Amino acid sequence: MKKILFALIFLALATAPLSAGKTVEEILAEFDKTISVPSLQGTFTVKLISKNGDTREIKARAYQKLVDNKQNNRLFIFDFPPRVRGTGLLVHSFLDGRDNNMWIYLPTVKRVKRIALESSGGGYFMGSDFTYRDLIANDLNNMKFELLDEKTMNGIESYVIKCWGKNQTVIKDLGYSYMISYYKKENSVMYRREFFDSDSKLLKVYQVDNFHVSGRYHYPTKITMTNVQTEHKSIIEVTEISTKDIPERYFTTRYLTDK
Amino acid sequence: MQSRFKTYLFINLLSLFFGSTCFAVEHGFKFISFVDYYGGIEYSEGYENLRSRLFFRPEYSANFDNSNSELVISTNLWAQPVGDPNFIDPYDIPNEAYFSKKTELFDITVGQKLVTYGFADIYGPFNAPHSSHQALLSLDDQFEGRRPDPLFQLRFYPTLEDILEFTYIPVTRPDKEQPDDVYLSETQDTVIWSNDPYLTDNLHSFFLNYKRYGENFDIQLLYGWYTEHTPDFIVNNISSSDSYDIKPEYHHKHTIGAAYATRVGNTTLSQDFALNITKDFSGKDLAAQDSDITVNTQILANLPWDILSQYTIVYCYFFNHDEYDRQSDSRAAEYLAEQFHDFHNQPYQHILFFVGHFEKSFLREKLKAQLNMGFFFSPNIYVAPRLAYSITDTSRLETGIEYTFGKPKDIDLRRNPSNDNFFIRFIMQY
């Protein structure tokens with residue numbers, strides 16, 4: 001149980017804005033505003049569905065708070081499957097270049113352990129279609145963007161933007177040769193992303209099927225990630241969403257062990 | 001007057017009853033059960049059935065939201081379904097059972113609970129509270145490790161990052177050693193274990209722990225004055241010709257420690273430093289534990305091919321290691337010293353050993369492979385491969401081997417006489 005247990009939900013919370021727009025920069029900035037909810041909590045259910053229909057499930061509670069324009073705190077408490085029940089992950093993310101701080105609480109050993117996500121074991125997170133690397137926000141300074149097209153997709157007028165790593169090191173680190181993202185023209189909300197493998201073949205599709213809308217904020221509440229090569233699928237559903245302010249003490253090791 | 005009192009009492013009882021039902025109580029149930037089997041595969045001794053277990057651990061918890069308090073009760077039960085009938089020691093049936101009350105600045109806990117200190121996952125020198133099972137067949141057996149003690153605990157949170165914790169354990173238990181007395185071949189003495197369920201002659205243990213989880217470093221400081229669960233032994237007569245019973249005796253010990261954990265690049269590093277001061281600081285008693293300085297260094301890193309690895313390096317220095325009194329029979333004294341030094345994990349004045357843990361998942365984490373390796377700067381390299389397969393979200397199959405290269409140590413008092421073994425375990429968890 002040394003491997004970092006991380007929520008798929010993290011992707012929904014942490015996916016870096018990768019688009020451009022009216023100009024690329026404008027789309028990215030607008031998308032960032034739609035997803036930067038000051039306080040957010042919810043219950044996440046992740047269904048992992050294999051090609052033969054075998055289904056597994058992960059359940060977690062998640063809390064997020066933007067402390068200021070330089071810090072974002074997140075807390076995840078896992079409730080299912082039973083072997084990870086009570087496991088907690090606390091993340092203090094810094095948006096000014098400092099390393100993230102992460103602590104994991106493992107109830108079987110009753111210990112809070114400082115970890116680095118990069119030392120999480122890599123690979124697919126808890127058997128899902130998200131890699132551990134997918135869960136880390138991309139540094140936009142390391143990425144290149146290009147507006148490919150403006151088209152209507154499933155009745156939605158969209159900007160289509162390609163992004164890729166600035167150099168081979170970043171590309172290798174990402175695990176994808178490039179990604180193509182779809183942003184709604186009306187509000188710059190990203191609702192689809194396609195991931196291409198090192199041979200530039202389509203590998204995975206990230207699709208948002210539902211949003212929770214509160215004022216200017218659009219938060220994804222149903223996400224499907226499909227690996228088109230293996231036909232494995234992960235479906236995230238978020239319920240009991242609240243945007244009420246969350247006390248600072250939630251994002252401490254005390255709360256990590258208490259909940 | 002009497003009537004008014006009755007009315008007052010009635011109203012109070014009513015309000016107590018309805019008040020209590022107004023508490024929002026969140027009930028929680030956990031249940032883990034398994035059946036397992038251990039077989040001995042020590043080459044020099046041939047195959048043998050070592051043990052089997054049918055194990056149950058139910059746990060009930062209640063969270064009283066209105067009063068910020070929590071009640072936890074859990075028990076352990078096991079029986080041996082294969083081979084000679086055997087059952088859990090009745091004193092091991094109660095697992096954790098405690099009540100906690102939380103306020104803005106304080107947590108108070110009363111009951112039987114496990115307490116963990118330090119950052120090291122294995123061989124942590126801060127892990128002084130609680131007795132443990134010492135004669136384990138698997139060193140990582142999570143179901144028969146440390147045993148909780150009755151305690152009173154007060155935690156103070158002066159800031160969001162700092163925790164000051166005081167723990168008082170009124171009475172603790174001796175370590176659980178192998179079931180039979182041990183005959184020492186060269187001196188014809190017999191080592192007798194304690195049958196006492198609790199160490200009532202050695203009451204009172206105190207721990208003071210400070211923790212800080214900061215941006216760049218996590219820090220812990222510890223002071224403990226406590227009953228040591230591993231016994232010293234009384235050897236009044238050192239002789240190769242006469243046989244004696246050697247009995248255990250338990251003493252208090254001081255531990256002073258400091259530890260930190262930090263991120264170094266893409267790895268995490270932690271170090272626990274501890275000074276342990278025993279009753280026999282001068283080292284005169286050959287069967288007593290020596291005082292020591294222990295440093296545990298732990299590195300967590302990700303290797304290529306998504307292999308998670310953790311490295312633990314432990315160094316110990318024992319004060320006055322060979323200063324024991326040899327009396328008139330130096331040969332017998334050296335034999336006994338070798339036995340008890342090995343029992344106390346202090347075979348030399350300096351010891352250094354290394355444990356590596358490697359872990360990789362397959363089949364989308366349904367199959368997990370692990371390898372633990374111990375290198376004790378001797379030919380006896382320890383390897384313990386593990387495989388765990390999740391059949392469903394609530395059931396899994398585990399298997400593993402404990403294997404030490406070379407012959408078992410020629411020490412009468414060694415804790416695991418069966419040495420190499422394998423196990424297979426089927427677990428259900430809700």
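Predicted model: local features only at pLDDT ≥ 70, side-chain atom pairs only at ≥ 80, totals over all residues.

Tutor: Happy to! For the complex, the predictor gives an ipTM of 0.86 and a pTM of 0.87. Chain B has an average pLDDT of 89, and 94% of its residues score at least 70. A stretch to treat with care is residues 7–22 of chain B, where pLDDT stays under 50.

Let's start where the chains touch. Chain B brings 53 residues to the contact and chain A brings 48 residues. Together they bury about 4,200 Å², with carbon and sulfur atoms giving 46% of that area. On the chain B side, Arg263(B), Arg364(B) and Asp393(B) lose the most area to chain A, together 21% of what that side buries.

Several strands of chain B give two or more residues to the side that touches chain A, including strand 1 (25–40), strand 14 (217–227) and strand 19 (292–303). Strand 19 of chain B supplies the largest share, 4 residues. By type, the residues on this side of chain B divide into 18 nonpolar, 18 polar and 17 charged.

Now for the charged pairs. Side chains of opposite charge can pair when their charged atoms come close. Between chain B and chain A there are 7 salt bridges. One links Lys113(A) to Asp121(B), with the closest N and O atoms 2.5 Å apart. Over all chains, the whole structure has 36 salt bridges.

Within chain B, Glu177(B) pairs with Arg415(B), their closest N and O atoms being 2.9 Å apart. Glu177(B) sits in the loop between strand 10 and strand 11 and Arg415(B) in the loop between strand 24 and strand 25, so this pair ties together parts that are 238 residues apart in sequence. Glu177(B) is buried at 13% relative accessibility, and Arg415(B) is buried at 15%.

Another pair in chain B is Lys368(B) with Glu359(B), at 3.7 Å between the closest N and O atoms. Lys368(B) has a relative accessible area of 16%, so it is buried. Glu359(B) has 1% relative accessibility, so it counts as buried as well. Finally, salt bridges with shared partners join a set of residues into one network, among them Asp36(B), Arg51(B), Glu144(B) and Arg425(B).

Notes. Residues numbered from 1 in each chain as written. Chains lettered and ligands numbered in written order. Heavy atoms only, no water. Contact = heavy atoms within 4.5 Å. Buried area = accessible area lost by both parts, 1.4 Å probe. Salt bridge = Lys/Arg side-chain N within 4 Å of Asp/Glu carboxyl O. Nonpolar A, V, L, I, M, F, W, Y, C, P; charged D, E, K, R; others polar. pLDDT = per-residue confidence, 0-100. Buried < 20%, exposed > 50% of the residue type's maximum accessible area, 1.4 Å probe, protein only.
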